[in-house]
Amino acid sequence: MRIAGTNIPDGKKIEYALAYIYGVGLPLAKKIVATAKVSPEKRAKDLTPEEINRLRELIEKNYRIEGELRRE
C-alpha cells in the first residue's frame, strides 16, 4: 500500500506503519487513525479500500509531509 508516495509496511499496526511517512511521527499517526475512525489494532494489510482512502485523503489534505517538508 502507498500513501503520500511512501510504501507502508503491511505487517505492522496502522499507527506504526503511518510513522514511516516522512513528517508523520507516532503521536500524529495516532491522531490521524482516530480522526479517520480506523481501529488502531488493525494491520495495514487488513485495511479495507474505504479505510485506506480515508487515511490517504486526511493525510494529504491536512498535513505537510514528504516532498513539501523535504523542499523546505
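Student: Which residues in the largest nonpolar core touch the most other members?

Tutor: Start with the kind of model. This one is predicted. Its largest nonpolar core has 21 residues. Ile3, Ile14, Leu18, Ile21, Ile32 and Leu55 touch the most other members.

Student: Which elements give two or more residues to this core?

Tutor: They are helix 1 (14-18), helix 2 (26-35) and helix 3 (49-62). Helix 3 supplies the largest share, 4 residues.

Student: Leu18 was on your list. What does Leu18 touch?

Tutor: Skip residues up to four places away in sequence. Then Leu18 touches Ile3, Val24, Ala29, Ile32, Val33, Leu55 and Ile59. Find Ile32 and Leu55 in that set. They are also among the core members that touch the most others.

Student: Now the helices. What describes two packed helices?

Tutor: Two things: the angle between their axes and the distance between the axes. Take helix 2 and helix 3. Their axes come within 10 Å and cross at roughly 125°.

Student: Is the crossing left-handed or right-handed where helix 2 passes helix 3?

Tutor: Right-handed.

Student: Which residues meet there?

Tutor: From helix 2, look for Ile32, Val33 and Thr35. From helix 3, look for Leu55, Leu58 and Ile59. Sorted by class, this contact has 5 nonpolar residues, 1 polar residue and no charged ones.

Student: What is Leu47 in contact with?

Tutor: Leave out neighbours within four places in sequence. The partners of Leu47 are then Met1, Ile14, Val38, Lys42, Ile52 and Leu55. Leu47 and Lys61 are 14 residues apart along the chain, and their C-alpha atoms are separated by 20 Å.

Student: Where is Lys37 found?

Tutor: Lys37 is also in the loop between helix 2 and helix 3. Exposed means over 50% relative accessible area. Lys37 has 69%, so Lys37 is exposed. Check its backbone too. Lys37 has a positive phi of about 55°, although it is not a glycine.

Student: What about the loop between helix 1 and helix 2? Where does Tyr20 lie, and what is Tyr20 in contact with?

Tutor: Tyr20 lies in that loop, between helix 1 and helix 2. Its relative accessibility is 45%, so Tyr20 counts as partly exposed. Beyond neighbours within four places in sequence, Tyr20 is in contact with Thr6, Pro9 and Lys12. Now pick Thr6. Tyr20 and Thr6 are 14 residues apart in sequence and 7.5 Å apart in space, C-alpha to C-alpha.

Student: And what does Ala19 touch?

Tutor: Again, set aside residues up to four places away in sequence. Ala19 then touches Val24, Gly25, Leu26 and Ala29. Ala19 sits in the loop between helix 1 and helix 2. With a relative accessible area of 31%, Ala19 is partly exposed.

Student: How many residues apart in sequence are Ala19 and Glu57?

Tutor: They are 38 residues apart in sequence. In space, C-alpha to C-alpha, Ala19 and Glu57 are 16 Å apart.

Terms used:
Residues numbered from 1 in each chain as written. Predicted model: local features only at pLDDT ≥ 70, side-chain atom pairs only at ≥ 80, totals over all residues. Heavy atoms only, no water. Core = buried A, V, L, I, M, F, W, Y, C linked by side-chain atoms within 4.5 Å. Buried < 20%, exposed > 50% of the residue type's maximum accessible area, 1.4 Å probe, protein only. Contact = heavy atoms within 4.5 Å. Axes fitted to C-alpha atoms, helices over the stretch in contact; angles between N-to-C directions. Left-handed = near helix turned anticlockwise from the far one by under 90°. Nonpolar A, V, L, I, M, F, W, Y, C, P; charged D, E, K, R; others polar.
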